[in-house]
Amino acid sequence: MGIDIGGTTIKFGVFTKEGELLKKWAVSTNISGNGQNIIPDIYKEIQTYLNTKDQSPIYGIGLGIPGPVNKDGYVENCVNLGWRHTNPAQELAALLKNIPTAADNDANVAALGECFYGAGKGMENIFMVTLGTGVGGGTVINGRIVNGFQGLSGEIGHIPVNPRESQKCNCGNIGCLDQIASANGIVRYVKNLLES
């Protein structure tokens, strides 16, 4: 099972070992209370799936996190979810008990997926840009994800690009790419243009 945790929506996909999509669905992301309900909500969705008739067994779970993730799954700070100092894969694995669970940056795992089954199929080296609640980037070199120092490789959403920006970004900086090119940033930008 692949789970893409976004700032707006959590998307679930059940795949065969060969990558064939068997089932997919989505739920809204509850980021209240610094995202404390996200992992319990994911657990409930997995339990509901496991209790449905004719479901396929789950042999492993991969989480895509919209921010830097260390190699051990530790998340120091994920501004779009409100997470600080947490290990979501470890948390979910403790609830599930017998299903191996791993986590990485969402853009990194998306880039790796593209190498196996998408536009990057057959390519050893790619860089992928993801646009959603935030802006992300994933790097694959020689067929392997490049995490970089503290999982920061590809974190392009918080590169300062607009010194004239007046509002702070979720990360605390001003003028980040996220504020201009993300889904939320584009909506905010258009509203400001319409008001002026």
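These are legends for a handful of close-up views of a predicted model.

A word on the ground rules before the close-ups. Numbering starts from 1 along each chain as its sequence is written, and side-chain values use heavy atoms, with hydrogens and water left out. Since this is a predicted model, local features need pLDDT of at least 70 and side-chain atom pairs count only at pLDDT 80 or more, while totals for chains, interfaces and linings use all residues.

**View 1. The largest pocket holds about 1,400 Å³ of space.**
A pocket here is an open set of points on a 1 Å grid over the protein atoms alone, where a 1.4 Å probe fits, with protein on both sides within 12 Å along at least five of seven lines; lining residues have an atom within 4 Å of a point. The volume is the space filled by probe spheres set on the points, with grid points joined across faces, edges and corners. Of the 39 lining residues, Met1, Gly2, Phe15, Val109 and Gly113 sit nearest the centre. Two or more residues each come from strands S1 (2–5), S2 (9–15), S3 (21–28), S4 (61–65) and S7 (101–105), plus helix H4 (106–117). Helices (H or I, at least four residues) and strands (E, at least two) are DSSP runs, numbered from the N terminus. Sorted by class, the lining has 22 nonpolar, ten polar and seven charged residues. For that sorting, Ala, Val, Leu, Ile, Met, Phe, Trp, Tyr, Cys and Pro are nonpolar, Asp, Glu, Lys and Arg are charged, and the others, Gly among them, are polar.

**View 2. The second largest pocket has a volume of about 670 Å³.**
Its lining runs to 35 residues, with Pro66, Gly67, Asn80, Asn105 and Glu155 closest to the centre. S2, S5 (75–78), H4, S8 (126–131) and S9 (135–141) are the elements giving two or more residues. S5 gives the most, four residues. The class count reads 13 nonpolar, 16 polar and six charged.

**View 3. Asp104, in strand S7, is buried without a salt bridge.**
Buried means under 20% relative accessible area, exposed over 50%, and partly exposed in between (1.4 Å probe, protein chains only). A salt bridge needs a side-chain nitrogen of Lys or Arg within 4 Å of a carboxyl oxygen of Asp or Glu. For Asp104, the nearest side chain of opposite charge is Lys71, 9.0 Å away; Lys and Arg count as positive, Asp and Glu as negative, and His and the chain ends are not counted. The Asp104 side chain does make a polar contact with the side chain of Asn108, at 3.4 Å. That term covers a pair of N or O atoms within 3.5 Å; within protein, one must be able to donate a hydrogen and the other to accept it, and residues adjacent in sequence count only if both atoms are side-chain atoms.

**View 4. Glu165 and Arg188 form a salt bridge, and the structure holds one.**
The closest N and O atoms are 3.1 Å apart. Glu165 sits in the loop between S10 (144–145) and H5 (177–181), and Arg188 is in H6 (183–195), 23 residues apart. Glu165 counts as buried because its relative accessibility is 14%.

**View 5. Asn34 has a positive phi of about 55° although it is not a glycine.**
Most residues other than glycine have a negative phi. Asn34 belongs to helix H1 (32–35), and its relative accessible area of 57% makes it exposed.
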